[in-house]
Amino acid sequence: ARDLSLKLYSTTNEMIKTYIEKALKENKHFILDGYPRTINQAKYLKSILDIDLAIYLTISLETAVKRISGRVTCPKCGAIFNKYFKPTKVENVCDICGSQLKTRADDNAETAKKRYEVYIQNTEPLINLYKEEKVLVEVDADKESSDKILLEVEQILKKLEERHNNDLSNEIKTELYRLNKSINFIHECIMKRLSTSTQTALSDLNKLLEYKSKKLRKEISTS
């Protein structure tokens, strides 16, 4: 079982690396949902790149159990409802297509509690790690409305995008300043070189004229 677990971790890491490399090559932003889940995965991720932000959806055990155990889905249209937070108008009947809703076998209170325990054991240490790196942002996911949670996450991502744009703008300004400074330096060097060459040429011409003048005066005096 341990060998299988290690193989799965390795496969997951390789998939993530491939995805990230492709996104970076295409100059695209991306979101990793549910990864990393462990400290080891976080270390592997850091070996590839430094993340900009880690959004931590805080949720109580009670709410987590209700979210999972109360989840029902429509087998026909794929709509998802929740008995506690998003109930249908008619019990177990899809509001969209009228089909009978179904509950997954593992969507029960017992399974939800086990998932939560595994999460606390494996994932919570990441919170301290990303707090230390100052990239952690917490969002209260205990709200009944998932739309409010989504809106808050979208606002966080929008601020991150604005920060990126400002950083890019400042980076461009810095590069333009450096380029302009380099151009001015090159221009000064060229002008200085031209000035020296011109002075040398004028000096040589002046010497030639003096020589010709002396030679002409000598010829006149001897004639």
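# Reading a predicted model

Me: What is the mean pLDDT of the protein?

Reply: The mean pLDDT (the predictor's confidence in each residue, from 0 to 100) is 82, and 74% of the residues reach 70 or more. This is a predicted model, in which local features need pLDDT of at least 70 and side-chain atom pairs count only at pLDDT 80 or more, while totals for chains, interfaces and linings use all residues. Residues are numbered from 1 along each chain as its sequence is written, and side-chain values use heavy atoms, with hydrogens and water left out.

Me: Where is confidence lowest, and where is it highest?

Reply: Where pLDDT is low, the predicted coordinates should not be read in detail. In this protein, helix α6 (residues 146–222) has the lowest confidence, with a mean of 70. Strand β2 (residues 71–73) has the highest, at 95.

Me: How many helices and strands does the protein have?

Reply: Helices (H or I, at least four residues) and strands (E, at least two) are DSSP runs, numbered from the N terminus. Here there are six helices and four strands. Along the sequence their order is α-α-β-α-β-β-α-α-β-α. Of the contacts between residues at least 6 apart in sequence, 54% join residues at least 24 apart.

Me: Which residues make up the largest nonpolar core?

Reply: In soluble globular proteins, nonpolar side chains tend to be buried together. A nonpolar core is a set of buried Ala, Val, Leu, Ile, Met, Phe, Trp, Tyr and Cys residues joined through side-chain atoms within 4.5 Å. The largest one here has 10 residues: Ile16, Ile20, Tyr35, Ala42, Leu45, Leu49, Ala54, Leu126, Tyr130 and Val135. Helices α1, α2 and α5 (125–132) each supply at least two residues of this core. Apart from this core lies another, of six residues, including Val72, Cys74, Phe81 and Cys94.

Me: With which residues is leucine 49 in contact, leaving aside neighbours within four places in sequence?

Reply: Leucine 49 is in contact with Ile20 and Phe30.

Me: How many aromatic pairs does the structure hold?

Reply: A pair of aromatic rings is described by the distance of the centres and the angle of the planes. The structure holds two such pairs (rings of Phe, Tyr and Trp, the last by its six-membered ring, with centres within 6.5 Å; planes under 30 degrees apart are stacked, over 60 edge-to-face, the rest tilted). Tyrosine 19 and phenylalanine 30 are edge-to-face, 5.9 Å centre to centre with 80 degrees between the planes. This pair links distant parts of the chain, 11 residues apart: tyrosine 19 is in helix α1 (residues 2–25), phenylalanine 30 in the loop between α1 and α2 (39–48). Tyrosine 19 is partly exposed at 41% relative accessibility, and phenylalanine 30 is partly exposed at 24%.

Me: And the pair of tyrosine 116 and tyrosine 119: why is it tilted?

Reply: The ring centres of tyrosine 116 and tyrosine 119 are 6.1 Å apart and the planes are at 50 degrees, so the pair is tilted. Both residues lie in helix α4 (residues 109–122), three residues apart, or about one turn of the helix. Tyrosine 116 is buried, at 19% relative accessible area, while tyrosine 119 is partly exposed, at 24%.

Me: Is serine 99 buried or exposed?

Reply: Serine 99 is buried, with a relative accessible area of 16%. Its place is in the loop between β3 (80–82) and α4. Beyond four places in sequence, serine 99 touches Cys74, Lys76, Asn92, Val93 and Cys94. Serine 99 and proline 75, 24 residues apart in sequence, are 7.7 Å apart in space, C-alpha to C-alpha.

Me: Is isoleucine 96 buried or exposed?

Reply: Isoleucine 96 is exposed, at 64% relative accessibility. Isoleucine 96 is in the loop between β3 and α4. Not counting residues up to four places away in sequence, isoleucine 96 touches Cys77 and Ala79.

Definitions and conventions: Contact means heavy atoms within 4.5 Å. Buried means under 20% relative accessible area, exposed over 50%, partly exposed in between (1.4 Å probe, protein chains only).
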